[in-house]
Structure formats: structure tokens, C-alpha cells
Amino acid sequence: DNRKALGRTILAFEKLIKSGRKAKLLIRTDWHTPFAHSTRMYIEFKKLPVIFEQMEDIPHEELAKTYNRGDCYICSSKAGGFEMGVTEAMACGLPVLVTNHTFMNEQVVDGKSGYRIPVEKYTTSKYGGIWGSISIDKLCEAMSYYVFNPDVAVQHGNFGLHYIIQNYDWKKIGGLLYDSLVKT
């Protein structure tokens, strides 16, 4: 999906690798789509150290194993109402790199549970929404920072985990939803 802006993550990662950093990028997506096929061809042509994983439904109790294979979670989406992967990754103790564009970053405490990466340009989607393209240079810097400072990545992941535990309790959220529906 063009909205997810996977290409911007790949370009940031490519820049990181070209600078001499050693890292791997795990990309979990539906590799059977035409868009994903061309993305995979680009990655293979550039010989980038990427782990390709086919996205499929997994049981809820397996999420932690899936997320914790990485050192951080990157959400480069141009727009979104609520990117569930951000909250899931934080609940698994991973720091998150996300755009500073509205909505999908609300649960990320900048500099404590990850980083809100600046948008370098805004565009209008075909449906009239405003999309924000994450800065490739700033994303590369943040990725590099976690590669060279794994202790900070762990601290940020722990902060995010505790943040999610304190703020996303099912009873609390369900109660707020119930109150808003009953009182309106």
C-alpha cells in the first residue's frame, strides 16, 4: 500500500548501510502483491541485507515473538487513524520510530519510547486527505542511533511498555467507550 511508505524506510535503511553500518531490516508484508514484487526486486538488485517475511495472521499470544525479533519498530506511514502496529510493538517492549504527522504517533513519547521523525513534505491523497512523507535522512539518523546505542533502545522499549500498560487497559478503555456512547 502506497500509504504505508515502505519505500521511504528502505531508502533510509539503504543510506544507513552505505554509511558502513552493519544492520538488517526485517520486512513483514504481503509479498504477493505487484507493489511488493517491485519493492523486493529493488532490494535484491541493491543487495540490501533484508529479511523477507510473508505477513499472515498469527495468534495474539504469538505477537511478542514476532515483534521481539527486531530492535525497534518502524512505522513510516504517510497517514493513518491509528496504526495498531505501533501500540503492539510498544506493548512488546520495542521502541518505535514513527512520523510526527497526526494520529498514528499519539502513543509515542518522543525521546522516551521512540522518536517522532519529522515529515519532509505533505501531499494530498486521491481522497483529499493530507499525507506526510517521513524524512528519509532523519529516519536514517534514528535507525543508526538505535544500532549504535542498543542500551537506549532497551530503555525506550521499557518506557513504551510501561506507558502502554498504564494507558491502554481494556477495562479502562471499554469504560470510556461505554460512557461516551451512553452519555451521547
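Angles under 35 degrees count as roughly parallel, those over 145 as roughly antiparallel, 65 to 115 as roughly perpendicular, and the rest as oblique. The model is predicted: local features need pLDDT of at least 70, side-chain atom pairs count only at pLDDT 80 or more, and totals for chains, interfaces and linings use all residues. Residues are numbered from 1 along each chain as its sequence is written, and side-chain values use heavy atoms, with hydrogens and water left out.

**Helix packing**

Helices (H or I, at least four residues) and strands (E, at least two) are DSSP runs, numbered from the N terminus. Axes are lines fitted to C-alpha atoms, for helices over the stretch in contact, and angles run from 0 to 180 degrees between N-to-C directions.

| Helix pair | Axis distance | Angle |
|---|---|---|
| H1 and H2 | within 11 Å | roughly 5 degrees |
| H4 and H6 | within 7 Å | roughly 110 degrees |
| H5 and H6 | 5 Å | about 105 degrees |

Contact means heavy atoms within 4.5 Å. For residue classes, Ala, Val, Leu, Ile, Met, Phe, Trp, Tyr, Cys and Pro count as nonpolar, Asp, Glu, Lys and Arg as charged, and the others, Gly among them, as polar.

Take H1 and H2. Their axes cross at roughly 5 degrees, so the two helices are roughly parallel. From H1, Leu6, Ile10, Leu11 and Glu14 meet Thr39, Tyr42, Ile43 and Lys46 of H2. That contact splits into 5 nonpolar, 1 polar and 2 charged residues.

H4 and H6 are roughly perpendicular. Thr87, Met90 and Ala91 in H4 meet Gly157, Gly160, Leu161, Tyr163 and Ile164 in H6. By class this gives 5 nonpolar, 3 polar and no charged residues.

H5 (residues 136-148) and H6 (residues 150-167) also pack together. They too are roughly perpendicular. H5 supplies Tyr145, Tyr146, Val147 and Phe148, while H6 supplies Pro150, Val152, Ala153 and His156. The division is 7 nonpolar, 1 polar and no charged.

**Single residues**

Buried means under 20% relative accessible area, exposed over 50%, and partly exposed in between (1.4 Å probe, protein chains only).

Glu14 sits in helix H1. This residue is buried, at 6% relative accessible area. Leaving aside neighbours within four places in sequence, Glu14 is in contact with Tyr42, Lys46 and Leu48.

Phe45 belongs to helix H2 (residues 34-46). Phe45 is exposed, with a relative accessible area of 67%. Phe45 and Asn100 are 55 residues apart in sequence and 31 Å apart in space, C-alpha to C-alpha.

Ser76 lies in the loop between strand S3 (73-75) and helix H4 (84-91). Ser76 is buried, at 5% relative accessible area. A polar atom of the Ser76 side chain lies 3.0 Å from the backbone oxygen of Ala5. Not counting residues up to four places away in sequence, Ser76 touches Lys4, Ala5, Leu6, Thr9 and Ile134.

**Cysteines**

A disulfide is a pair of cysteine sulfur atoms within 2.5 Å. The count by this rule is 0. Cys75 is in no disulfide, and its nearest cysteine sulfur, that of Cys72, is 12 Å away. Cys75 is buried, with a relative accessible area of 4%. For Cys92, the closest cysteine sulfur is also in Cys72, at 14 Å, too far for a bond. Cys92 counts as buried, at 18% relative accessibility.

Methods
Polar contact = N/O pair within 3.5 Å; in protein donor to acceptor, adjacent residues only side chain to side chain.
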